[in-house]
Amino acid sequence: MGLYRHTRLSWRDWNPGLDNDDRTLGFVLDSLPAIAADEVLWIIRLFENPASPLALPGAITLDRHDALHVLLGRGLLLQDEAFVIGFTMGADSRIRSWHRALFRWAGTTLYPRPYRFNREQMRVFEMACNLGLENSHRNLQDFPFEDHFPKPVGELRAMLGISVHRLHALFNYEQSLLPDTTASKRLDVDWKRVDPSDLYPPP
């Protein structure tokens, strides 16, 4: 488990995966090459920062967003960001279809490169949003992750209704949909753990 020796990886290389139930949330987060909140571009903060008057459902503080990267087993590439944002938005009880449409428009049009999402990444966003909609624990943006750093990741996943089984199923489908991207190639997939009935149809 070289990732957790806390060598400083670049943001492109960091990827927590799903096989870390016994690690504490704080321990895994210590390996994340995080940026400061004030380094996030204003246009992104406009839609994704909960303090913004135009914040969309699922808007979450940067530290809590990073915690969800760990629980969802996603790195920091754009395809990973699309997944984490989609899941968080879908799990917000206020989400409506027009919120999803607005984010798709903003993310593919207003966000500057290299932060702009492409069509394939937005498909990942939609798949993750659907998964968030069916998550048993709602409004994850309000959960105080900062109070639970000493807890094992597996315990927190169970507490928040985040199913590794379902994530494996969706990651398998995502990898078949986008087989050649860096993010897809390093997804934590395991066909042996997936019931075919759990595979997601195209959005």
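What follows is a chat about this predicted model.

Q: Okay, big picture. How many helices and strands are there in the protein chain?
A: The chain has 9 helices and 0 strands. Reading along the sequence, you get the pattern α-α-α-α-α-α-α-α-α. Keep in mind that the model is predicted.

Q: And what share of the residues is buried?
A: Of the 203 residues in the chain, 49% are buried.

Q: Let's pick a helix. What can you tell me about the length of helix 5?
A: Helix 5 runs over residues 97-110, which is 14 residues. From its first C-alpha to its last it reaches 19 Å, close to the 20 Å expected at 1.5 Å a residue.

Q: Which of its residues are buried?
A: In helix 5 those are His 99, Arg 100, Phe 103, Ala 106 and Gly 107. Looking down the axis of helix 5, the buried residues fall within an arc of 130°, so they line one face of the helix.

Q: What does that buried side pack against?
A: The buried residues of helix 5 pack against helix 2 (42-48), helix 4 (78-90) and helix 6 (119-133).

Q: And which exposed residues sit on the face turned away?
A: Ser 97 and Trp 98 are the exposed residues on that face of helix 5.

Q: New topic: cores. Which residues touch the most other members of the largest nonpolar core?
A: That core has 34 residues, and Phe 83, Phe 145, Ile 162 and Leu 167 touch the most other members. The elements giving two or more residues to this core are helix 1, helix 3 (62-71), helix 4, helix 6, helix 7 (153-159) and helix 8 (164-177).

Q: What about Asp 80: buried or exposed?
A: Asp 80, which is found in helix 4, counts as buried at 1% relative accessibility. Not counting residues up to four places away in sequence, Asp 80 touches His 69, Arg 74, Gly 75, Ala 183 and Arg 186.

Q: Where is Ser 31?
A: You'll find Ser 31 in the loop between helix 1 (25-29) and helix 2. Ser 31 is buried, with a relative accessible area of 0%.

Q: What does its side chain do?
A: The side chain of Ser 31 makes a polar contact with the side chain of Trp 14, at 2.9 Å. The side chain of Ser 31 also reaches the backbone oxygen of Val 28 at 2.6 Å.

Q: How far apart are Ser 31 and Trp 14 in sequence and in space?
A: They're 17 residues apart in sequence and 8.0 Å apart in space, C-alpha to C-alpha.

Q: Which residues do ring pairs link into a cluster?
A: Phe 103, Tyr 111, Phe 117 and Phe 125 are linked that way.

Q: Last one, about the backbone. What's the peptide bond from Arg 113 to Pro 114 like?
A: That bond is cis, with omega near 10°, and Pro 114 lies in the loop between helix 5 and helix 6. Most residues other than glycine have a negative phi, and most peptide bonds are trans.

Q: And what is the phi of Asn 139?
A: Asn 139 has a positive phi of about 55° although it is not a glycine. Asn 139 lies in the loop between helix 6 and helix 7 and is partly exposed, with a relative accessible area of 21%.

Definitions and conventions: Residues are numbered from 1 along each chain as its sequence is written. This is a predicted model: local features need pLDDT of at least 70, side-chain atom pairs count only at pLDDT 80 or more; totals for chains, interfaces and linings use all residues. Side-chain values use heavy atoms; hydrogens and water are left out. Helices (H or I, at least four residues) and strands (E, at least two) are DSSP runs, numbered from the N terminus. The expected span of a helix is 1.5 Å times one less than its number of residues. Buried means under 20% relative accessible area, exposed over 50%, partly exposed in between (1.4 Å probe, protein chains only). The arc is that of the directions from the helix axis to the C-beta atoms. Contact means heavy atoms within 4.5 Å. A polar contact is a pair of N or O atoms within 3.5 Å; within protein, one must be able to donate a hydrogen and the other to accept it, and residues adjacent in sequence count only if both atoms are side-chain atoms. A nonpolar core is a set of buried Ala, Val, Leu, Ile, Met, Phe, Trp, Tyr and Cys residues joined through side-chain atoms within 4.5 Å. Rings of Phe, Tyr and Trp (its six-membered ring) pair if their centres lie within 6.5 Å; planes under 30 degrees apart count as stacked, over 60 as edge-to-face and the rest as tilted.
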